[in-house]
Amino acid sequence: MNKSINSLYRKYRPTKFSDVVEQSHVVKTIENQIKNNKLNHAYLFCGTRGTGKTTVAKIFANAVAKLLDIFEIDAASNNSVDNVRDLIEKVKFPPIESSYKVYIIDEVHMFSGSAFNAFLKTLEEPPSHVIFILCTTEPHKLPQTIQSRVLRFDFRPVSLTSIEKHIEKILKKENVEATKESIKQIAKAGRGSVRDCLSILEATLAYKSDKFDEQDVVQILGTVSHEKLNELGKAVIEKNINQTKKHLESIFTKGVNVNALVRDFLYVLKEMYIESNNRDRIREVYKSVAEIELLIKYSQDPVSMFESVCLLA
């Protein structure tokens, strides 16, 4: 069957607050502000990629303004002082068909220093008809003078359970069958980002459009199954060198993404820690693997580095 899977993230992007995956601490506060007509003039939405910052900003904007009074600005490509001066001139004009003009500024940390200085004046004395929603993955890069003049919300990484349920709903609508383990594998790989999970799901559906299992997801991700990682973990924890070598050889003869492998192996070790009585040993192994997680990205021989940790932990 030929399915259209073009941009699942856009297709299933929430259009109302009740559809947002988690982030209730943000959604409820904003809903109450809208209901009581007690809106701030500027908001700061912080959080890692794919956690719903821009989505919630758009829903918020649509709740208080109409299309002609909503403006989206990408600070990555509009970050100069001249861009901000142009913005300052435009915000002075009243809205066309709403009570408010809403400006969503994405990746606001990309503003230059002079751009922030120019923008500060508007934040200090904003027109009563303007609402700014600043979105960023790196709030520490914003000057304190900016941060002190906005209402800040921190978007949390979305839980595995919520992402798995979200994927299940989408698969049901797309009329696609998938095993529980394959859905869990996608959710884990997204590391709290709904958008990243849906990108992985898209790639999987391009590979297997009507039905897929964990092995199909593993193939897309360039990693190995939960079962194989569990077997490797047991061998390492028990200091069984022969079994560890055997599992490592099996893993690397298939060609894997070592960064993804380390990430997934750490997740398996966490699961084993929760379920095991031998927690001291598992903690020891986990620490050894975690220490190379960042280093392995820049290693000339990441395979040997991972193998050494497994054999010597």
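Tutor: Contact here means heavy atoms within 4.5 Å. Please bear in mind that the model is predicted.

Student: Fine. Which residues does Phe252 touch, leaving out those up to four places away in sequence?

Tutor: On that basis, Phe252 touches Val258, Leu261, Val303, Phe306 and Glu307.

Student: And the helix α12, what are its limits and its reach?

Tutor: Helix α12 covers residues 241-252, 12 residues in all. From first C-alpha to last it reaches 16 Å, close to the 16 Å expected at 1.5 Å a residue.

Student: Which residues of α12 are buried?

Tutor: Thr244, His247, Leu248, Ile251 and Phe252 are buried in α12. They line one face of the helix, because, seen down its axis, the buried residues fall within an arc of 120°.

Student: What about the face of α12 turned away from the buried side?

Tutor: That face carries the exposed residues Asn242, Lys246 and Glu249.

Student: Then what covers the buried residues of α12?

Tutor: The cover includes α11 (226-237), α13 (258-275) and α15 (302-312).

Student: Changing topic: in the largest nonpolar core, which residues touch the most other members?

Tutor: This core has 26 residues, and those touching the most other members are Leu232, Phe252, Leu261, Phe265, Val289 and Phe306. At least two residues each come from α11, α12, α13, α14 (279-291) and α15, and α13 supplies the largest share, eight residues.

Student: What lies apart from that core?

Tutor: Another core, of 25 residues, lies apart from it; Val84, Leu120, Leu134 and Leu142 are among its members.

Note on methods:
Residues are numbered from 1 along each chain as its sequence is written. This is a predicted model: local features need pLDDT of at least 70, side-chain atom pairs count only at pLDDT 80 or more; totals for chains, interfaces and linings use all residues. Side-chain values use heavy atoms; hydrogens and water are left out. Helices (H or I, at least four residues) and strands (E, at least two) are DSSP runs, numbered from the N terminus. The expected span of a helix is 1.5 Å times one less than its number of residues. Buried means under 20% relative accessible area, exposed over 50%, partly exposed in between (1.4 Å probe, protein chains only). The arc is that of the directions from the helix axis to the C-beta atoms. A nonpolar core is a set of buried Ala, Val, Leu, Ile, Met, Phe, Trp, Tyr and Cys residues joined through side-chain atoms within 4.5 Å.
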